[in-house]
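Visitor: I'd like a close look at the pockets in this model. Could you walk me through them, and then show me a bit of the surrounding architecture?

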Amino acid sequence: MTIASLSEIPAAGAGELSVWPASTTRLPHGDVAVGGVSLVEIADRFDTPAYVLDEGEVRERCRTYHAALPEADVLYAAKAFLSRAMVRWVEEEGLGLDVCSAGELELAVTAGFPPERIVLHGNAKSPRDIETALRLGVGRIVIDGPCEIARIAAAVGPDGHQKVMVRVVPGVSAGGHEKIRTGTEDQKFGLSTTDGSAQDAIARILGQPQLELTGLHCHIGSQITEVEPYLLALRRMAGLMALVRDAHGIVLPELDMGGGHGIAYRPGESALDLTALARGLRAELGESCAAAGLAVPRLVIEPGRAVAGPAGVALYRVLAVKHTGGKVFVAVDGGMSDNPRPALYGVRYAPRLIGRHSTAGACTATVVGRHCEAGDVLAADAELPGDIHPGDLIAVPVAGAYQLSMASGYNMVGRPPVVAVHEGTSRVLVRRETLEDFRSRDIGN
């Protein structure tokens, strides 16, 4: 299918399934299929908890970005979710990749991704991160602080060459939660134009012959659903590019506007309209560059959540139901070790009973995890059947981003597997973490 906007990607049916993958279909006996595969079948075959990832949804969202911004470089933000299969899908769909560590970079390159199409980020790059990036031939390194300039230049050596960008703080506050707003000067990322640190870093890079400054980078936050903050940031970035030209006589050929494109986690929530974003970025870039007498730079964007998030579904088995203090608590076999986002950011999900039809009226329940934390809540104020009971299956959509990538070993529960579905088939991409994994890593006595 051809799609003009992420917000227009169709889901199976309306209402409660509107945030599910487009391939979602209802099956008999209350079951649901994604990618042509029954979720009950997946739970029975691979156990729970489990992440289900719809390959077709991932690929279609990659194509959507290409269609909306054919003149731009689209880099998938690996921090949202990364596996060897995801690397292959992204590469085959023509996207680049942005990574934040030697681990992400090594996995991507060993899975066959061209290193020249990879950008390395990070506010505190370790010596290993830098060494790995140079050894593998990463396309760009985004410099986030002044101390990185000499460090990278020294690692490159007098006869080497590395393309770099500078991460700039544009002074724009945007994002779904204060902990994911990264465009202002009160957080750890980037260099400020207000105090001159960005301009100083640019001058210092230009004084290092083995470093080639290709452009500027900014990232204003995550889970952003409005276009205007991006346009304001772009306007300020273009202004800085004009200052660089005037001060140093160079025209930077690239402008990376980052990602943070918001998606809907529950029916009725807003999502960033990619068509409107593309139209706005294109117009603002042209106008700002024309006003400054600049050649239009190559635009770069870095979607992660908007590609992977809506393609995932998390499956849990109900372990206990408790009526206490006027509330209904539904405890499942996962929790904050496989999805810390509700505890970190107050994210709200829309879980659904699958595997049976219920004639009971709806009740408002709190879906909680199995961990020893009062804050281990997966979904507050969830609408579930009043007869929900142990053994039931619960599916939570929009689980493809920032769940496995942020999963932990808390309580040694073990991280769930990732099961890919596509055109009626399923396969494990990432296996379940087992008790043997915990035993084998502990080598002390």
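**A close look at the pockets**

Guide: Happy to. In this predicted model, the largest pocket is lined by 39 residues, and those nearest its centre are K79, E104, Y402, S405 and M406. Its volume comes to about 1000 Å³. Of the elements involved, α4 gives the most to the lining of the largest pocket, with three residues.

Now on to the second largest pocket, which holds about 340 Å³ of space. Its lining is made up of 19 residues, with E16, R352, L353, E383 and P385 lying nearest the centre. Two strands, β16 (352-354) and β18 (377-385), are the elements that give two or more residues to the lining of the second largest pocket. Here β18 gives the most, with three residues. The residues lining the second largest pocket divide into ten nonpolar, three polar and six charged.

From the pockets, let's turn to a single residue. T366 is found in strand β17, which covers residues 362-368. T366 counts as buried because its relative accessibility is 13%, and the cut-off for buried is under 20%. Leaving aside residues up to four places away in sequence, T366 touches V328, F329 and V330, and also V377, A379, A380 and D381.

Finally, a helix to look along: α9, residues 274-292. With 19 residues at 1.5 Å a residue, α9 should span 27 Å, and its end C-alpha atoms are 27 Å apart, so the two agree. The buried residues of α9 are L274, L277, A278, G280, L281, E284, L285, S288 and C289. They cover an arc of only 165° around the axis, and therefore sit on the same side of α9. On the other side of α9, R279, E287, A290 and A291 are exposed.

Note on methods: Residues numbered from 1 in each chain as written. Predicted model: local features only at pLDDT ≥ 70, side-chain atom pairs only at ≥ 80, totals over all residues. Heavy atoms only, no water. 1 Å grid on protein atoms, 1.4 Å probe; cavity = no way out; pocket = protein on both sides within 12 Å on 5 of 7 lines; lining within 4 Å. Points joined across faces, edges and corners; volume = space filled by probe spheres on them. Helix = DSSP H or I, 4+ residues; strand = E, 2+ residues; numbered from the N terminus. Nonpolar A, V, L, I, M, F, W, Y, C, P; charged D, E, K, R; others polar. Buried < 20%, exposed > 50% of the residue type's maximum accessible area, 1.4 Å probe, protein only. Contact = heavy atoms within 4.5 Å. Expected span 1.5 Å × (residues − 1). Arc of directions from axis to C-beta.
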